[in-house]
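Visitor: I am new to this structure and would be grateful for a close look at one part of it. Could you please take me through its salt bridges?

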Amino acid sequence: MLKVYQDILQPPITSGKLRQLHDDDSDTLWFGVTKDDSGVPRFEDHGRYASLMANSPSTSGTNSAKYPQLVSFVGVTNAEYTVTELYPRLLYTFSDVIVFVLRNAKTFQSAVLTKLLQWGAAGLEKSLNQPTLPHAVIVLNATEMGIEQEEWDPKTATASLLRSLSTALDRIGGVPELQDLANKWRSERHTEIRTVGDLIKRYYASFTVVRIPAKGRYTLMDKQVNSLLQVIDANCRESLETKRRARMLSNTDDWNVYLQAGFDHFTRNLDAPFNFIEVSLKNNPLPENFGDHIRQLATAILARYPDPQKTSGQWIFENLSSMVASCILLDCVQYRKGTAEDLFERYEYYLETALEEFCDLYWPCSYENRRGRCVTAAVRHNPKGHQNASGRIIGPGEYQSDFSADTYIDQWLDSVKFRLLALQTSLQERDDSTSKTFTAIDHVLDIHRHQMSSFYRVLGGAHYFISHTTCFSCLKEVPEHGLPCGHVLCSACVRAYGKKDNDCYVVLESCPLHSVPKFQEPWRVAYKPDYAGVRLLSLDGGGVRGIVELETLRAIEMALGARCRLPIRAFFDLIVGTSTGGIVALAVGVKQWSIEECINVFMDLCQKAFTEREFAGVWGLEQAATLNHGSKWKTKPLHQALADCLGRDKLFGGTRDQNPGYPVKVPVTSTSGTGRRPLVIANYSRAERDSEPYEFLRRAHPDLELGLCEAAAATSAAPGYFKAYYHGPTTQEFLDGALYYNNPVQVAHREARLIWPDLAESHPDLLLSIGTGMNQSALKTELREQPRHMPNPLPVAQTVEDLKQANEATNSRLKAW
């Protein structure tokens, strides 16, 4: 312990050792500010966060979620714009604890207190729906030993420091900057400020002072450092619990997305507030049940009509009640036994949770005065009080609203039930008055279509309501099939409103959400016939060696012979790929190119994508350039080449002019920017499942989906070779899928079982996994270095024949496994 503190307090003075310390500091650099080619500030992530998250222990298992918290240490410095303007907004918004360190307690009022409150003032009104305020800790470093013994206790030290500031707000002899802040709270926000402590609590969740002694008393120093750690830990725990109550806990990857979004926001505009709810809506997980789907539609209506002065919560849910009642009737007739009236109780729970979550998470406060109207939601209201849309705090107090789940729940349930009974009566009258050639399902589908048409017409038109995570036709399923108008429907709704063409196709003449206008040509939606087997193709990663996969596919086509006129993609229902294999999968399965065309494009892509950096081939300078840029190859040429060859069309959804025929389902693997979470990006959709080994990426709003070239960049962003791919609309970063699934055959098998549950317990008819080969000498080295404690180690290969024998031995082991 003595040596540790001596090394800290008495650092080496030789230039070589000091340089080493500076190098160590560089290695621990988390993020900074750089500028792109056009001079726009850019968030530069140096990879430290990902490294910390990868190596930090989890409290409940290696695969459990981690919820990182940020403690910011701030010293006294005369810094540039970044530290004085950008970082206060960014770190104040995202920090759980801010620790201000100063050496002289006598300079606290002049050097730190003003900065402490200016940081708070700069950040307080620059975020909306912030779940918690940061805690403030003052570290009085190098405190002299002559103070009273009780002053080493943080509670006593805090009280003493606040007493020493008792005159700071006095009209005569006070601190002008603090007086201005206090007067602003009194006059504009109607908040009583009597002391400096009152003022600090307007900006920080708590305020604590910890003294650290001057050098020499190492035992006391150790005790005080532990006290500081205990204060920080307690503050972090309190902050975590506050976020939990506000339903704003962010795991490792989500937290990084919020930070990146905050940085992008503040570099564009320092004065506009950052809204946590907007980022939350962009990155919502897939809905899990009927209540989630109802809430999705309610928030879509709120986004369409965001002004609460013109749109009441009651108006939203009164309109929703007719649509929801029709969806319940449709579900009862199609899948349940009994009348809708008898079954209504089974739906009440979902109706209640939809209303409760909408009111708690999205419906804004109704407080209003001459400075504006409060826009914060209920569960995120407490830290700051009332804030208007520009971020200004317009008054103290709790969340207010005439519309809440408690006051409206009975009326909401009664409204839905009343409309449900009316629809059920209409259905019964149709059943009694028409011939038996029309079934109850025929009638209920017609009733539901009329209800949808009326519902969306009242809201301004169905074209304003498009979701990739909720079927806005039935509110029961995840949508899977894109239509020419841009709407995406679930399989059940496509089958219900379409006409069966044959065992493989259903034809739709119009979208059920808006029966007019009809499609220019009937739209064919392909289905795999029930219980027909599936055929899977898995393509490994491997950089330029992806040509091996293409040549293998070409050889298969040639082996099939000239009489087989079907392209290779026609032999597969699902093609999954990683990295270069992902690019090939997108080209073959989505672009539907021939293998010959794929080979030509791939060769051209390799020529353009691998662009060397400056000083390439110059030892020392080449390594320095790679370290400086964070990658061996330039990244922009790769992205441009992918955009040129694959295009920027959305991988999933979007308006379409041409029918895709029988589309092959194509998932490609990727990894989150922190390296903690494997991802799958696909040209299809499906429901999320519990305990998935990876996240199936799907965004509710069409504009947030990745394009073809973006998916290709996300699956091929190999760390060290290329920079992480940054997707601006969602502020999410992606790394190469090979970090988890270089051979994605497990993904292929799992996706097939989830897409086609009727075959979940059956083996595929065909599973073809193609690698990218291996250098012969590299393989020999790998085999020689194989651990000798392995049972029955494979023989070291010396010739090509040996390699064949080694492969046969490996295959035998795999078969036995």
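Guide: Asp360 has a relative accessibility of 25% and counts as partly exposed, a class between buried (under 20% relative accessible area) and exposed (over 50%), computed with a 1.4 Å probe on protein chains only. This is a predicted model, in which local features need pLDDT of at least 70, side-chain atom pairs count only at pLDDT 80 or more, and totals for chains, interfaces and linings use all residues. Residues are numbered from 1 along each chain as its sequence is written, and side-chain values use heavy atoms, with hydrogens and water left out.

Asp360 forms a salt bridge with Arg247, at 3.2 Å from N to O; the term denotes a side-chain nitrogen of Lys or Arg within 4 Å of a carboxyl oxygen of Asp or Glu. Arg247 sits in the loop between α9 (218-245) and α10 (252-268), while Asp360 belongs to helix α15 (residues 345-361), 113 residues apart. Helices (H or I, at least four residues) and strands (E, at least two) are DSSP runs, numbered from the N terminus. Arg247 is also partly exposed, at 42%.

A further salt bridge joins Lys528 and Asp758, whose closest N and O atoms are 3.3 Å apart. Lys528 lies in the loop between β17 (523-526) and β18 (535-539), and Asp758 in the loop between α26 (745-755) and β25 (766-770), so this pair ties together parts 230 residues apart in sequence. Lys528 is buried, at 9% relative accessibility, whereas Asp758 is partly exposed, at 28%.
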